[in-house]
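Colleague: Could we go through this model together, with the cut-off behind each term stated once?

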Amino acid sequence: MNSAVLCKSYQWAVSVLESIGTWFPQLILRLILAWEFGEAGLAKFNGENWFANITFPFPFNLVSPEISWGMATYFEIIGAAALVLGLATRFFSASLIILTIVAIASVHWPDSWNTFGELWQGYAISDKGFGNYKLPLLLLIMLLPLLFNGAGKLSLDNLLGSKFCKTKH
């Protein structure tokens with residue numbers, strides 16, 4: 001096989017991957033994030049308000065635990081539905097990032113740590129006295145591509161944007 005055939009085959013493979021890359025990775029991120037946030041929101045919706053036992057960071061400590069509970073519940077449920085549809089993806093990604101940062105700071109971050117080694121022990125799924133910020137941190141990182149790049153081509157954001165916001169480049 002000569003180099004021209006290899007080059008052409010490589011270019012074809014890259015072209016196929018790039019065309020799939022305009023919608024598939026974003027869809028997978030949206031679906032897994034929707035599952036995680038939707039599950040958390042439904043657990044809150046069907047459960048007891050345990051926010052009264054938490055110390056929230058400023059300025060979130062200015063809001064009552066009942067309002068915080070309701071906001072977290074509905075942002076997780078509505079945000080999950082919006083992520084599935086790819087609707088207002090950047091808005092809900094930003095909202096869920098803020099919610100996740102507050103959750104890390106108030107629930108998942110270790111109460112105290114003296115060394116980076118102790119802090120690193122909090123990078124875990126279960127809390128063994130050093131926090132458990134691994135999962136919320138991963139969710140936060142997964143939201144970043146949706147915030148910065150949007151929902152992808154297979155989304156209502158793309159459909160509505162192409163229908164109502166035609167721009168010339």
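Colleague: Where does L87 lie?

Modeller: This is a predicted model, in which local features need pLDDT of at least 70 and side-chain atom pairs count only at pLDDT 80 or more, while totals for chains, interfaces and linings use all residues. Residues are numbered from 1 along each chain as its sequence is written, and side-chain values use heavy atoms, with hydrogens and water left out. Helices are DSSP runs of H or I with at least four residues, strands are E runs of at least two, and both are numbered from the N terminus. In those terms, L87 lies in the loop between α3 and α4.

Colleague: Which residues are in contact with L87, leaving aside its neighbours within four places in sequence?

Modeller: L87 counts as partly exposed because its relative accessibility is 32%, where buried means under 20% relative accessible area, exposed over 50% and partly exposed in between, with a 1.4 Å probe and protein chains only. From C-alpha to C-alpha, L87 is 5.1 Å from D157, although 70 residues separate the two in sequence. With contact taken as heavy atoms within 4.5 Å, and neighbours within four places in sequence left aside, the partners of L87 are A82, F92, L156, D157 and L160.

Colleague: Against which elements do the buried residues of α4 pack?

Modeller: The buried residues of α4 include F92, S93, L96 and T100. Their packing partners are α2, α3, α6 and α7 (156-164).

Colleague: How many residues of the lining of the largest pocket are nonpolar, polar and charged?

Modeller: A pocket is an open set of points on a 1 Å grid over the protein atoms alone, where a 1.4 Å probe fits, with protein on both sides within 12 Å along at least five of seven lines, and lining residues have an atom within 4 Å of a point. The largest pocket holds about 720 Å³ of space, a volume being the space filled by probe spheres set on the points, which are joined across faces, edges and corners. Of its 28 lining residues, A72, E76, L99, T100 and A103 are the closest to the centre, and α4 gives the largest share of the lining, nine residues. Counting Ala, Val, Leu, Ile, Met, Phe, Trp, Tyr, Cys and Pro as nonpolar, Asp, Glu, Lys and Arg as charged, and the others, Gly among them, as polar, the lining divides into 19 nonpolar, six polar and three charged.

Colleague: Is the pair of F75 and F91 stacked or tilted?

Modeller: Rings of Phe, Tyr and Trp (its six-membered ring) pair if their centres lie within 6.5 Å, and planes under 30 degrees apart count as stacked, over 60 as edge-to-face and the rest as tilted. The structure holds 13 such aromatic pairs. The ring centres of F75 and F91 are 6.4 Å apart and their planes stand at 45 degrees, so this pair is tilted.
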